[in-house]
Amino acid sequence: MNIMKPKGKKKKPAAPKKKVAPEQDSEVTSINPPMPEDDADEDSSAVRQMLSKQNKKKKKSGGFQSMGLDASVLRGVLKCGYRVPTPIQRKAIPLALEGRDVVAMARTGSGKTAAFLVPLFQRLKARSARAGARALVLSPTKELAVQTRKFCLQLGRFTGLRTACVLGGESMERQFALMHENPDIVIATPGRFVHVCVEMGLKLDSVEYVVFDEADRLFEMGFGEQLREILGRLPGARQTLLFSATLPKLLVEFARAGLSDPTLVRLDVETKIPETLRLAFLRCRPEARPHALLHLLERVVPRDQQAVVFCATRHHVEYLQSLLQGAGEAVGGSTYIYSHLDPAARKINAAKFAAKKSRVI
Ligand code: AMP
């Protein structure tokens, strides 16, 4: 188990939202509602301003406005409140906009989702009812896929592009129907996507933009075979982006085979932990670990700070949870989540921690 102990100010607890369930867990399958044509509101004049700035000082700032984005894309970025690109966005978006294949080393929280969605929107531009999806995003887990779709809806709201999720668990019929509706973008977990492709005889000829998101986890979760199967179905003339926190040898080989002369985007800063965190390695006998954890929570982590504890399996989670509950006020309340937990309970528990009703998750 690891303890990430915030040293300085409280940080948004990023982990629970992305420590996610395997695709077999359950499912969500959905397609966007048609794009709202309303929002021609407060932000449109801001977009006009940004666009005119873009024309005036094209290459100067390195901001979103200097990337040459269409108004519909820039407006979505602005609506999300993004003003300055994150480092990974600053490096990866221009390369992707040039049509290059990109291997980007980026962690959750780096802004990687927008780094591949912004060029995706710019490339697809607008809804096309012509048969076949033009963009495919592969995610290791259902929850990451759902989150990516949420980003798609928010960031791409002014493009009118339609997005479908093809995830493990839901009825195949529903997913066939979704694919028949000709989404522009498909966000999928690999196992179910291959299944749908095989059953529907999908050729994927129309796909021109592919993203392997959290590619190291895709492989860790054993999707290697499915990924190769998908690669085999994709047309040669496509743009491929691969995002991964780490680049093990297997992944480098996969990138060599599946990407065409990719540019590696790697930020040194990405390998460092944030200044607000302290990292420590504690050595103790295996049977003493629960005691060590209790000691840390009771005596070392300041009372006004929360703690996130990661465990290997849900059984470990349940064991520690009962232990921490037993410790009562000495620990300051604990809650827990894991992928097989009922989704409603998972939400409630995560919310408890986010609202600081539990000190430990
Ligand atoms: P991600 O690494 O894609 O999961 O993004 C982490 C968080 O950063 C998300 O909440 C995004 O909405 C947010 N984010 C991404 N890009 C930007 C940006 N340029 N400015 C501010 N927030 C951003």
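The legends below accompany close-up views of a predicted model.

**View 1. The residues around the ligand.** In this predicted model, the shell around the ligand is made up of Tyr82, Val84, Pro85, Thr86, Gln89, Thr108, Gly109, Ser110, Gly111, Lys112, Thr113 and Ala114. By residue class, the shell divides into four nonpolar, seven polar and one charged. Among the elements that contribute to the shell, helix α5, which spans residues 112-124, gives the most, with three residues.

**View 2. The open sheet of seven strands.** The strands follow one another in the order β4-β5-β3-β6-β7-β2-β8, and their pairing is parallel. At the edges lie β4 (163-166) and β8 (263-266), each of which pairs on one side only. On average, and with direction ignored, neighbouring strands of this sheet are turned by 15° against each other. Strands of a sheet pair through backbone hydrogen bonds, in either the parallel or the antiparallel sense.

**View 3. The pairing of strands β3 and β5.** Strand β3, formed by residues 135-138, and strand β5, formed by residues 185-188, are joined in the parallel sense over four bridges. Within this pairing, Leu138 stands opposite Ala188 of β5.

View 4. When neighbours within four places in sequence are left aside, the contacts of Ile187 are Val137, Ser139, Ala145, Thr148, Arg149, Thr163 and Cys165. Ala164, although 23 residues apart from Ile187 in sequence, is 6.2 Å apart from Ile187 in space, C-alpha to C-alpha.

**View 5. The largest nonpolar core.** This core has 61 residues, and those with the most contacts inside it are Ala104, Ala115, Val118, Ala135, Leu136, Ala188 and Phe243. The element that gives the most to this core is α5, with eight residues; helix α5 is also the element that gives the most to the shell around the ligand. Val118 touches Leu69, Val73, Val77 and Ile93, if residues up to four places away in sequence are not counted.

How values were computed
Residues numbered from 1 in each chain as written. Predicted model: local features only at pLDDT ≥ 70, side-chain atom pairs only at ≥ 80, totals over all residues. Near = placed C-beta within 6 Å. Helix = DSSP H or I, 4+ residues; strand = E, 2+ residues; numbered from the N terminus. Nonpolar A, V, L, I, M, F, W, Y, C, P; charged D, E, K, R; others polar. Pairing = 2+ DSSP bridges. Axes fitted to C-alpha atoms, helices over the stretch in contact; angles between N-to-C directions. Core = buried A, V, L, I, M, F, W, Y, C linked by C-beta atoms within 7 Å. Buried ≥ 20, exposed ≤ 12 C-beta atoms within 10 Å, placed from the backbone. Contact = placed C-beta atoms within 7 Å.
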